[in-house]
Amino acid sequence: MFDTKQENERVILVGVQTADGDDTQDSLDELEQLAQTAGAVSVGRVIQNREQPHPATYLGKGKLDEVKELLWETGADGIICDDELLASQLSNLEKQLDTKVMDRTLVILDIFASRAITREGKIQVELAQLKYRAARLVGLRDSLSRLGGGIGTRGPGETKLEVDRRRIHERISWLKTQLRDVERHREVIRSKRTNERIPVAAIVGYTNAGKSTLLNALTGAGILAEDRLFATLDPTTRALKLPGGETLLLTDTVGFIRKLPHHLIEAFRSTLEEAKYADLILHVVDGSNPQAQKQMHVVYETLKSLEIGDKPIVTLYNKCDRPDCGEGIRDFQADETLAVSAVTGQGLDRLQERLAGILQNRKIYVERFFLYPDAGKIQLIRRYGQLMQEEYREEGIAVAGYVPAQIAQKL
């Protein structure tokens, strides 16, 4: 009888600490989670204190010898560096260590490749992967096959690993064309929402903060929600009926992470820009995570890079069914903060009331009197606002309610 159980790859995590007291250790903890998510197990870690990574080999000679020894002692299959490596660094490390070398970016791309389900998601991930590979073709002819996968054999396909730069760039151009078609479809949907004056809230946050669980709890969306990094990639939009009867569209977005590869940000820009065109931002924070404050900083920096600002922000300290939730966390950029638990439902009623209040504040109060031939205009108030009073008189109908400014002009 043969044992067909697939063995996880064994890897050593490698990082460079450029200043005393920086978050290199925390970053390696997160890298270990990423490796585990991608299907590898960490069997050791090495940190070097340097002013900056070595331009040729990422680590200095002494640390390289230490990594060699650790590879032999642990029987590891390769190493993962905590920063994105240059092509020369990658090539030199492989020659020096004679083992598979990966970087943080490649591991994240692996995870995204395994999670992409929709056509748009697959196009975005392959585009990011090929751009990553294209930047590393020079000087990697001898070891090009190692770019085929970080952990396991994922990606656009091993048959593409031997193609030259011209073929890769042709594929990139074709993928960009396909992505533009998808983006146009997304813009049509977005325009329709705008024309119908349906408010939209974008759910953003660090990966594994509980965004998908929150969407499920509020709307019954039924999307995958697991306690792991990047459980879902593809954006999902669902309608939420708020107290008072108004409808709010909630859109889940891909999770952020420190050192999120710029190729991914570029490829997923159309998806991430759902937050740019939203009426308000729901910022979900894992309130039980000791690194919550740093994770919030990463989220705001990513939003800044996407030029997303001037939106009302409601920050939710999620997972508050756990001990110490929200302790020591402060968000001075948010308009309001609430403690919630998407799992138990704690605080979600309060959240819906506050969302209704925020949308109400964006409307203006109107009192109008319509003759019966013009009574159809009352439907505008019912559809886009909140009808508070309706009185039928002999001459016509007196109404009062809250509507968006654009609708008030039509009344």
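Hi everyone, let me start with charge pairs: this structure holds 19 salt bridges, where a salt bridge is a side-chain nitrogen of Lys or Arg within 4 Å of a carboxyl oxygen of Asp or Glu. Side chains of opposite charge can pair when their charged atoms come close.

Before I go on, a quick word on the source. This is a predicted model, in which local features need pLDDT of at least 70 and side-chain atom pairs count only at pLDDT 80 or more, while totals for chains, interfaces and linings use all residues. Residues are numbered from 1 along each chain as its sequence is written, and side-chain values use heavy atoms, with hydrogens and water left out.

Now to some of the pairs. Glu307 and Lys276 meet through their side chains in a salt bridge, 4.0 Å from N to O. The two partners are 31 residues apart: Glu307 is in the loop between helix H10 (292-305) and strand S9 (313-318), and Lys276 is in the loop between helix H9 (269-272) and strand S8 (280-286). Helices here are DSSP runs of H or I with at least four residues, strands are runs of E with at least two, and both are numbered from the N terminus.

How exposed is Glu307? Its relative accessibility is 64%, so Glu307 counts as exposed, while Lys276, at 27%, counts as partly exposed. For the cut-offs, buried means under 20% relative accessible area, exposed over 50%, and partly exposed in between, with a 1.4 Å probe and protein chains only.

Next, Asp286 forms a salt bridge with Lys319, and their closest N and O atoms are 3.3 Å apart. Asp286 lies in strand S8 and Lys319 in the loop between S9 and strand S10 (336-339), so this pair ties together parts 33 residues apart in sequence. Asp286 is buried at 8%, and Lys319 counts as buried at 11%.

One more pair: Arg354 and Glu336 form a salt bridge with closest N and O atoms 2.8 Å apart. Arg354 is in helix H11 (residues 348-361) and Glu336 in strand S10, so parts 18 residues apart in sequence are tied together. There is also a network, in which salt bridges that share partners join Asp23, Glu30, Asp82, Asp83, Arg104, Arg258 and Lys259.

H4 covers residues 104-115 and reaches 17 Å from its first C-alpha to its last, close to the 16 Å expected; the expected span is 1.5 Å times one less than the number of residues. Of its 12 residues, 10 are buried, so H4 is largely enclosed by the rest of the structure.

Leu31 touches residues including Ile80 and Arg104, where contact means heavy atoms within 4.5 Å.

The largest nonpolar core has 56 residues, and Leu34, Ile80, Phe112, Phe230 and Leu264 have the most contacts inside it. Such a core is a set of buried Ala, Val, Leu, Ile, Met, Phe, Trp, Tyr and Cys residues joined through side-chain atoms within 4.5 Å. H5 gives the most to this core, with 7 residues. Phe230 is in contact with residues including Leu34, Ile108 and Phe112. A second, separate core of 24 residues includes Leu242, Leu316, Leu355 and Ala356.

Definitions and conventions
Lists of a residue's contacts leave out its neighbours within four places in sequence.
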